[in-house]
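Q: Could you take a look at this model with me? I have a handful of questions about it.

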Amino acid sequence: MASGDGPRMRPAHPNGPTFLAYTPNGRRLVTVGANDTIRIFETNSDAEPVNIHDTPDSNTAVVATHDFFIVGSEDGTVSLYSLDTNTFDRILVRCSLPVRDLALSPDGRRVAVASDDLEVKLVDVNDMTRVQYLREQEKPVKHISFHPNGRTLTVSCTDGVIYVYSIDGPVPELTKKIDGIVKRLESEEQASAEVAWHPDGRAFAAPTATRDVQIISKRDWEKQRTFSGQHQGDITSLIWSPNGALLVTCATDNAMVLWDTKTQKRLEKWDVRASIWAFAWHPTENILSYTDNTGSLYIHTDFLPEHLTRYLKLDLQPAPFIHDPLAEVSGNAGHLQTDQGQDRPKRLQDLEGLRRREGTPDSLDEILGPEDDDSLAGFIEDDDGQAIVGINGHAKRTNGHLDEPDGHQTKRRGAYSSFQPRIHEAFQPGSTPWRGNRRYLCLNLLGFIWTVDQDTHHTVTVEFYDREFQRDFHFTDPYKYDKACLSEKGALFACQPAGDQQAMIHYRPHETWTTRTDWRTTLPKGERIVAIALSHSYVVVTTSTNYVRVYTLFGTPVKVYRQKSSPTVTCATWRDYVLTIGNGSVGGDGQTRLLYTIENVKRDEVCQSEDVVALTEGTQLQNVFFSDAGDPCIYDDTGVLLILQHWRTPGQARWVPLLDTKLLSRLATGRKEETYWPVAVAQDKFYCIILKGGERHPYFPRPLLNEFDFQIPLHFAATAPKKRRRNDEDQDMDGMDEDEQEAGTEITRLEHSYALTNLLHSLASDLMAATTSTAAQRAALGAKALEADKLLLQLLAAECVEGEERGMKALEIVGLMKDESGRMMEAAAKVASRFGREVLRTRIEELAERRVVGLDVDRDE
């Protein structure tokens, strides 16, 4: 070995599989093996270990807490032993076949038992009658492991499948089956299929059939980084350092390798005497212990050489991702967020020296800092000497039961921390985050652009839905583009600064009549690209310095200006119009309000300046784009699509909902769990990708586009259950109810159609007023106005059917008609006469006469 005095070999058990476990404080080390003796070693002591005899023969697993340890045996018994008395306490559970592995929850309250039975037992340590069963696996279980937060359990089976269970609820639920990672193994085989969760909880490591260690992300269960190239045999054991900065592996080639988590490079490699069965890393000291198949225990003090001890002094390190999600979000960069919630492992708390005290925000300890002795924090004693739980050291009730202002439980702010508003993070419209080594850079109605990370470079593929329009192309990307846009005229790419390379944009036209086809330009040093947009006329780039840079399609800079709302969030463009969005003032919920600006670059006019993006409290903007007719649209994370009306007139813009996907009829039964990824608004339809199974972003293979009609949320659509008919009288009443319900449904449909047609007419009218209209556009506008009036006629007929008492509403409907020729008024009078509403017919004729002579029909009567 390469450090200290080398490992100390301590005889522990006869030849055969041998296992070990440290107590959470690291003071004791428990070993079990192929005999009926359990041995307890004191850390940093050469004294003889404590022996516990007359235990079940051939013990196969052990886990430990401060007060007790649990042992699984080949005869199927799982026994609990006291560390205070070093004696047998009780049997927790029995299995019909040999126990293969044990896992203790981070809080020490539950133990998971894996055996050659097809089920995993989850036993309450304090009440052995409370047992939960995990029965989804089809083959015997070889390994089990708890997630650091204790709410997820992974089960590795002999058929090479990893089962992921959620055990947070009253009944365990299978959430994922992962195949193709670990090797198919026999139960007695020394090779490992163990899942080792990284201490930050965002990923786990697992040995593969290719003798490597694969990292799997918990967020999407995709492959991430790989530790490879050092073992010539199957991996038998692996373990993370307590802070996640290092990984140690051993294989049947009798080689033990120390890895750097960040770089996945080998730091040290040693040869061992025999294959290692199990590792145990001391929670706080530079000690690694392990057992092999000769029954020996090796305690390696000063395991890390002096030049590597700095790794153990680091704070909790992130799991090795190909593209770390935290690094991609500017607000979270440099701040590690774990996936452990409030249930962080006690071992990590000991490592980081955390001693949290509960108190109220106005307590003296919050203002002046804690006193030297805070051991009594969290309770006081009353006059009778009984502890009062939930009271802090100043006789005040703690605020641990309260949420943060936004409704989410987070860590309480420190004594001297200032208020930090929550800003909306920047995003590129139409792109997805990394999932494994792939991601979409752009998704729209023309096609899609996707990239694959090849470590040293990326490979970019551009595909079109209509291959008669353009041919697909593929190229090697040494710049590692992370943003892209696709239009009918070309494709735009952008990359961030790296090393000596500055941020750069690259435009590649689809067709050209010159020799030089594409162009590149770099941004000033230190400037990062936040979002890009591409139209038929311009290239738009928003940057980290809040600059908006506008170029022509072939690289001529048109203008540069600083965005007023900052930090910038995203941008979009259509023809000569540029829309930018940034963070504005802070709302009452602590979240910044988004502000948008729309400018016509060619005319150098601002249509809307720093107006509010209409999002409800707590929602996030998911996408922004222009419709095929050139109207700005937004889609939020609650599934609401909105379009901007009257945006060409300063101060008149308003966001109108086109569709609330939560109200779609396909979701009315509540049986479907799906969300929608927005792609475009075109041809009076919403185009999107349906995401199922809790997915948040589309992935490969290429998903299909789906289209939905607009459905303005005007009414609550609910179908009443049909009544059971008992007699003829009930039949008549039920028939009346059904008729009324059908009539109400028809009126609701007509009202929705009219509101939607009226909105589309308004949008088309605004477009024609701002542009040079064509004959086809004018004809289409007239057709929409005629369609709206026809819908009003149908509504009039429906109201006439309802009875004479609906006459006032019927006359109001007639007054909404926009036809100036008088033909629609005549038709309305005929409808009223057909249903025998003579009073209504007379009033409609009077209204028509007043409109013909030009009287103000809108004045109060």
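Q: Does α6 pass α8 in a left-handed or a right-handed crossing?
A: The crossing in which α6 passes α8 is right-handed, and please keep in mind throughout that this is a predicted model.

Q: At what angle do α6 and α8 pack, and how far apart are their axes?
A: Helix α6, which covers residues 807–815, packs against helix α8, residues 838–852, at an angle of about 25°, and the axes are 10 Å apart. Because angles under 35 degrees count as roughly parallel, α6 is roughly parallel to α8.

Q: Which residues make that contact?
A: On the α6 side the contact is made by Gly-807, Ala-810, Leu-811, Val-814 and Gly-815, while α8 contributes Leu-840, Arg-843, Ile-844, Leu-847 and Arg-851. Sorted by class, the residues of the contact of α6 with α8 are six nonpolar, two polar and two charged.

Q: What about α5 and α6, how do their axes cross?
A: The axes of helix α5, residues 775–802, and α6 come within 9 Å and cross at roughly 170°. With over 145 degrees counting as roughly antiparallel, α5 and α6 are therefore roughly antiparallel to each other.

Q: And which residues are in contact there?
A: From α5 they are Leu-792, Leu-795, Leu-796 and Glu-799, and from α6 they are Lys-809, Ala-810, Ile-813 and Val-814. This contact of α5 with α6 divides into six nonpolar, no polar and two charged residues. Ala-810 and Val-814 of α6 also take part in the contact with α8.

Q: Are α5 and α7 roughly parallel or roughly antiparallel?
A: The axes of α5 and helix α7, residues 823–834, come within 10 Å and cross at roughly 15°, and these two helices are therefore roughly parallel to each other. The crossing of α5 and α7 is right-handed.

Q: Which residues meet in that one?
A: Leu-786, Asp-789, Lys-790, Leu-793, Leu-796, Ala-797 and Cys-800 in α5 meet Met-824, Ala-827, Ala-828, Val-831 and Ala-832 in α7. By class, the contact of α5 with α7 has 10 nonpolar, no polar and two charged residues. Leu-796 of α5 belongs to the contact with α6 as well.

Q: Switching topic, how many aromatic pairs does a search of the whole structure find?
A: The search finds 31 aromatic pairs. One of them is formed by Phe-204 and Trp-221, a tilted pair with 6.5 Å centre to centre and 45° between the planes.

Q: Where in the chain do Phe-204 and Trp-221 sit?
A: Phe-204 is in strand β19, residues 203–207, whereas Trp-221 is in the loop between β20 (213–217) and β21 (223–227), so the pair links distant parts of the chain, 17 residues apart.

Q: Now the backbone: which residues does a cis peptide bond join, and what is omega?
A: A cis peptide bond joins Ser-566 and Pro-567, with omega about -5°, and Pro-567 lies in the loop between β42 (557–562) and β43 (568–574). The peptide bond from Phe-700 to Pro-701 is also cis, its omega being near 0°, and Pro-701 is in the loop between β52 (685–692) and β53 (706–709).

Q: What is phi at Asp-455?
A: Asp-455 has a positive phi of about 70° although it is not a glycine, and it is found in the loop between β32 (447–453) and β33 (458–464). Gln-683, likewise not a glycine, has a positive phi of about 55° and is found in the loop between β51 (674–682) and β52.

Q: Why do those geometries deserve a mention?
A: Most residues other than glycine have a negative phi, and most peptide bonds are trans.

Notes:
Residues numbered from 1 in each chain as written. Predicted model: local features only at pLDDT ≥ 70, side-chain atom pairs only at ≥ 80, totals over all residues. Heavy atoms only, no water. Axes fitted to C-alpha atoms, helices over the stretch in contact; angles between N-to-C directions. Helix = DSSP H or I, 4+ residues; strand = E, 2+ residues; numbered from the N terminus. Parallel < 35°, antiparallel > 145°, perpendicular 65-115°, else oblique. Left-handed = near helix turned anticlockwise from the far one by under 90°. Contact = heavy atoms within 4.5 Å. Nonpolar A, V, L, I, M, F, W, Y, C, P; charged D, E, K, R; others polar. Phe/Tyr/Trp six-rings, centres within 6.5 Å; stacked < 30°, edge-to-face > 60°.
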